[in-house]
Amino acid sequence: MRYYLFAIAILLLDQSTKWLVMKKMHLYESIPLWQGVFHITSHRNRGAAFGILQDQRWLFIVVTLIVLTAIVFYLVRIGKSQPLLSWSLACILGGAIGNLVDRIRFSEVVDFLDFRYINFAIFNIADAAICIGVGLMVIVTLRQTETDESDNNSSEKRGIVSE
């Protein structure tokens with residue numbers, strides 16, 4: 001249950017920050033918080049990451065619904081047995097729902113976090129949560145691979161052959 005509450009917290013933070021940007025700023029208005037480094041810039045994205053696949057709203061909605069179904073399935077299946085993987089799925093779940101809400105309501109995603117120093121794409125809280133979730137998932141996967149390899153090496157040293 002805590003993973004779903006965490007996903008809801010991400011969703012609420014994402015939607016409230018987007019609401020503030022839409023309510024308080026004009027489209028393409030930019031507020032420098034650290035001149036030349038980090039700005040809050042009101043931007044809209046009708047595509048996927050970095051603006052690819054513009055105007056494919058229904059594709060994104062369908063794919064997101066499939067991904068959300070898979071995430072909920074895995075969260076139910078793994079539960080507390082793999083907490084780091086569950087936290088990663090919760091991050092992805094909250095972020096994916098946040099961007100899905102935008103696509104359904106506005107046919108585009110509201111972006112506003114603008115790191116100009118590294119000339120990065122403008123993004124939002126949902127995007128950040130998805131990236132953090134995927135990063136955690138990669139760490140879990142790499143750790144699992146290392147554990148599996150060390151278990152196989154230990155078995156081979158003891159003369160146990162795995163099939």
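Author: Let us begin with a definition: accessible areas come from the Shrake-Rupley method with a 1.4 Å probe. Please also keep in mind that this is a predicted model.

Reader: What does the accessible surface of the protein chain come to?
Author: The accessible surface comes to about 10400 Å², and 66% of that surface belongs to carbon and sulfur atoms.

Reader: And how many of the residues count as buried?
Author: The protein chain has 163 residues, of which 36% count as buried.

Reader: What about contacts between residues 24 or more positions apart?
Author: Among the contacts with a separation of 6 or more, 64% are between residues 24 or more positions apart.

Reader: Let me pick a residue. Where is Asp102?
Author: Asp102 is in helix 3, which covers residues 83-106.

Reader: Is Asp102 buried or exposed?
Author: Asp102 counts as buried because its relative accessibility is 0%, and buried means under 20%.

Reader: Which residues does Asp102 touch?
Author: Leaving out residues up to four places away in sequence, Asp102 touches Gln15, Lys18, Ser107, Glu108, Val109 and Val110.

Reader: Ser107 is on that list. Where is Ser107 found?
Author: Ser107 is found in the loop between helix 3 and strand 3, the latter being residues 109-115. Ser107 is partly exposed, since its relative accessible area is 24%.

Reader: What is the phi of Ser107?
Author: Ser107 has a positive phi of about 65 degrees, although it is not a glycine. Most residues other than glycine have a negative phi.

Reader: Which value does phi take at Asn119?
Author: Phi of Asn119 is also positive, near 55 degrees, and Asn119 is a residue other than glycine. Asn119 lies in the loop between strand 3 and helix 4, where helix 4 is residues 125-157. Asn119 counts as exposed because its relative accessibility is 70%.

Reader: Changing topic: how many disulfides are there?
Author: A search of the whole structure finds 0 disulfides. A disulfide is a covalent bond between the sulfur atoms of two cysteines.

Reader: Then Cys91 and Cys131: buried or exposed?
Author: Cys91 counts as buried because its relative accessibility is 8%. Cys131, at 57% relative accessibility, counts as exposed, the cut-off for exposed being over 50%.

Key:
Residues are numbered from 1 along each chain as its sequence is written. This is a predicted model: local features need pLDDT of at least 70, side-chain atom pairs count only at pLDDT 80 or more; totals for chains, interfaces and linings use all residues. Side-chain values use heavy atoms; hydrogens and water are left out. Helices (H or I, at least four residues) and strands (E, at least two) are DSSP runs, numbered from the N terminus. Buried means under 20% relative accessible area, exposed over 50%, partly exposed in between (1.4 Å probe, protein chains only). Contact means heavy atoms within 4.5 Å. A disulfide is a pair of cysteine sulfur atoms within 2.5 Å.
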